[in-house]
Amino acid sequence: MTDRSISAASRPVIERRFRLQWEAAQNAHVLLYPEGMIKLNGSAGEIMKRCDGKATIAEITADLEQAFSTTGLSKEVMAFVVLAVEKQWLAVLP
Amino acid sequence: MAGGVAVNTAADAAPTPGPPLWLLLELTYRCPLHCAFCYNPTDFARSGPELATDDWLRVLREARALGSVQLGLSGGEPLARDDLEVIVAEAHRLGFYINLITSGVGLNETRIRALKAAGLDHIQLSFQDSSRQMNDFLSSTRTFDLKSKVAALIKQYDFPMVLNVVLHRLNIDHVEEILEMADRMGAEYVELANTQFYGWAWHNREQLMPSRSQVERAEETTRRFRERAGRPMRIFFVVPDYFERRPKACMNGLGSIFLTVTPDGTALPCHAARMLPGLEFPNVRSVSMREVWFESSGFNHFRGDRWMKEPCRSCPEKTRDFGGCRCQAYLLTGDAANADPVCDLSPHHGLVTAVVNRAERADHAERPRAEEKPLVFRSPANSSTLFP
């Protein structure tokens with residue numbers, strides 16, 4: 001999948017082979033997979049926990065901007081989703 | 001730190017570690033296979049009784065509270081425990097990501113369905129080779145056909161599958177066939193794990209050590225296979241460290257992220273650490289996991305770098321490889337605080353190259369086959385013979 005197939009209307013979802021989980025001991029969201037774990041930084045965790053396969057990237061961005069009382073996050077969110085799809089942490093539904 | 005955690009005040013004390021992210025439970029030493037490269041201790045027949053179900057459940061709860069999150073259930077053959085489903089269910093309730101590390105023997109449809117329902121996340125299935133003949137020889141069993149059926153069951157029940165093959169002199173030339181087999185079986189991951197020489201593998205080291213050209217061919221085959229793989233199958237090639245010039249960052253440093261509990265309840269900072277002399281390792285029957293991880297001398301001893309000798313102590317790479325493997329340093333040099341002799345900065349590096357050179361000569365048939373000892377297979381009987 002290339003980034004061309006991802007738009008603000010795409011609905012990202014955690015790849016089925018990964019599990020996203022909040023780990024209090026690490027104070028971070030982690031992605032769990034067979035015999036491995038990726039510790040996400042704060043913004044990656046905040047984006048990924050909103051990737052439920054229902055919300056569009058535009059809606060996720062709006063929700064984040066509201067939650068953190070800020071604006072102009074769309075570039076950052078899109079860049080992360082593209083990266084996460086590349087790494088197969090996320091899949092996108094049209 | 002609060003809550004009974006030891007606070008280090010001395011300047012050279014070990015640093016306070018983070019959580020034991022990786023918890024490996026070796027539920028039993030019972031195993032239907034008899035692999036000659038098994039890392040289990042050769043004296044396992046002397047091991048005390050296995051922990052009861054309730055002990056394992058308590059270990060899970062205490063470890064999870066410390067921040068353990070990746071759980072390996074291994075052995076021996078973990079399916080030899082008839083409470084495996086109970087252990088998985090509790091681990092799932094606690095939020096572990098649960099990996100079952102198995103030979104496949106004992107995994108019928110009833111059990112795999114129950115394990116799925118209990119919340120098992122992933123299955124790592126071992127093969128000893130791509131051919132029935134060599135698989136069955138190396139495990140000293142007739143299990144190849146059964147394992148093939150288990151691989152199909154794993155896919156049928158939609159588990160991600162890691163196919164693990166331990167590589168050594170007798171099967172490393174079959175890497176291409178092994179990868180093709182894994183591809184046919186639909187494995188998501190393949191682990192080509194060159195033998196690490198501990199336990200039974202240490203005992204059989206001369207017979208299992210590949211030659212350098214074998215290793216190079218296997219790496220090249222793996223590289224080519226990766227390039228032409230038609231679907232996403234990730235291949236991990238675990239390098240045989242005897243052929244390296246720098247040691248592996250074993251366990252990311254002892255006592256840093258990894259905690260294992262052996263069948264009798266002994267807690268260790270690595271699979272093989274019980275061999276290390278002069279260290280006392282706590283037993284979870286009488287010691288809480290918090291005390292095990294933060295307070296026991298067995299876990300604290302090799303934390304940080306205060307234990308290091310030269311050339312490690314002043315080496316800029318010590319933060320990267322932590323001086324390598326303590327068990328390997330002990331096995332090869334007799335002192336667990338020495339640099340892992342895999343490192344070519346170690347004054348003992350010649351011990352490693354001597355073994356590699358012997359394997360090379362054997363490859364060129366300069367050593368008569370008759371000189372070779374027979375492989376000693378892992379079994380309770382052989383364990384009792386070695387340690388009467």
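This report walks through a predicted model with a chain A and a chain B, one piece at a time.

## Before we start

Residues count from 1 along each chain as its sequence is written, while chains get letters from A and ligands get numbers from 1, in the order in which they are written. The model is predicted, so local features need pLDDT of at least 70, side-chain atom pairs count only at pLDDT 80 or more, and totals for chains, interfaces and linings use all residues.

A residue is called buried if 20 or more other C-beta atoms lie within 10 Å of its own, exposed if 12 or fewer, and partly exposed in between, with C-beta atoms placed from the backbone.

## Helix H3 of chain A

Let's begin with H3(A), which covers residues 74–86. This helix has 13 residues and reaches 18 Å from its first C-alpha to its last, close to the expected 18 Å (the expected span is 1.5 Å times one less than the number of residues). Which residues of H3(A) are buried? They are A:Val77, A:Phe80, A:Val81, A:Ala84 and A:Val85. They sit on the same side of H3(A) because they cover an arc of only 135 degrees around the axis; the arc is that of the directions from the helix axis to the C-beta atoms. As background, an α-helix has 3.6 residues a turn, so residues three or four places apart point the same way.

The face turned away from the buried side of H3(A) carries the exposed A:Lys75, A:Ala79 and A:Glu86. And what covers the buried residues? The cover includes strand S1 (11–14), helix H1 (42–48), helix H2 (57–67) and strand S5 (90–93) of chain A. Just after H3(A) comes A:Gln88, with a positive phi of about 65 degrees.

## Strands of chain A

Two strands pair if DSSP finds at least two bridges between them. Strand S3(A), residues 28–33, is mostly covered, with five of its six residues buried. S3(A) pairs with S2(A) (residues 19–23) in the antiparallel sense over five bridges, and A:Trp22 stands opposite A:His29 in S3(A). S3(A) also pairs with S4(A) (residues 36–39), again antiparallel, over four bridges; here A:Val30 stands opposite A:Lys39.

Both pairings are hairpins. The one made of S2(A) and S3(A) has four residues between the strands, and A:Asn27 in it takes a positive phi near 50 degrees. A:Asn27 is not a glycine, and it counts as exposed because it has 10 C-beta neighbours inside 10 Å. The hairpin of S3(A) and S4(A) has two residues between its strands, and A:Glu35 in the turn has a positive phi of about 60 degrees.

S1(A) and S5(A) run antiparallel, joined by four bridges, with A:Ile14 opposite A:Leu90.

In chain B, nine strands form an open sheet with mixed pairing, in the order S7-S6-S5-S4-S3-S2-S1-S8-S9. Its edge strands are S7 (234–238) and S9 (267–268), each pairing on one side only. S7(B) runs parallel to S6(B) (residues 189–194), and five bridges join them; the bridge partner of B:Tyr189 is B:Arg234.

The largest nonpolar core has 124 residues. A nonpolar core is a set of buried Ala, Val, Leu, Ile, Met, Phe, Trp, Tyr and Cys residues joined through C-beta atoms within 7 Å. Which members touch the most others? B:Leu73, B:Ile98, B:Met161, B:Leu163 and B:Cys270 do. Among the residues that B:Cys270 touches are B:Cys250, B:Phe258 and B:Cys327. B:Cys327 is also one of the buried residues of helix H13(B), residues 326–333.

## Two cis peptide bonds

A cis peptide bond joins B:Gly75 and B:Gly76, with omega about 10 degrees. B:Gly76 is in the loop between strand S2 (70–74) and helix H2 (84–94) of chain B. Another cis bond runs from B:Glu310 to B:Pro311, with omega near 10 degrees, and B:Pro311 is in the loop between H11 (297–300) and H12 (318–321) of chain B.

## Where the chains meet

How many residues of chain B are in contact with chain A? There are 14, and they touch eleven residues of chain A, where contact means C-beta atoms, placed from the backbone, within 7 Å.

Note on methods: Contact = placed C-beta atoms within 7 Å.
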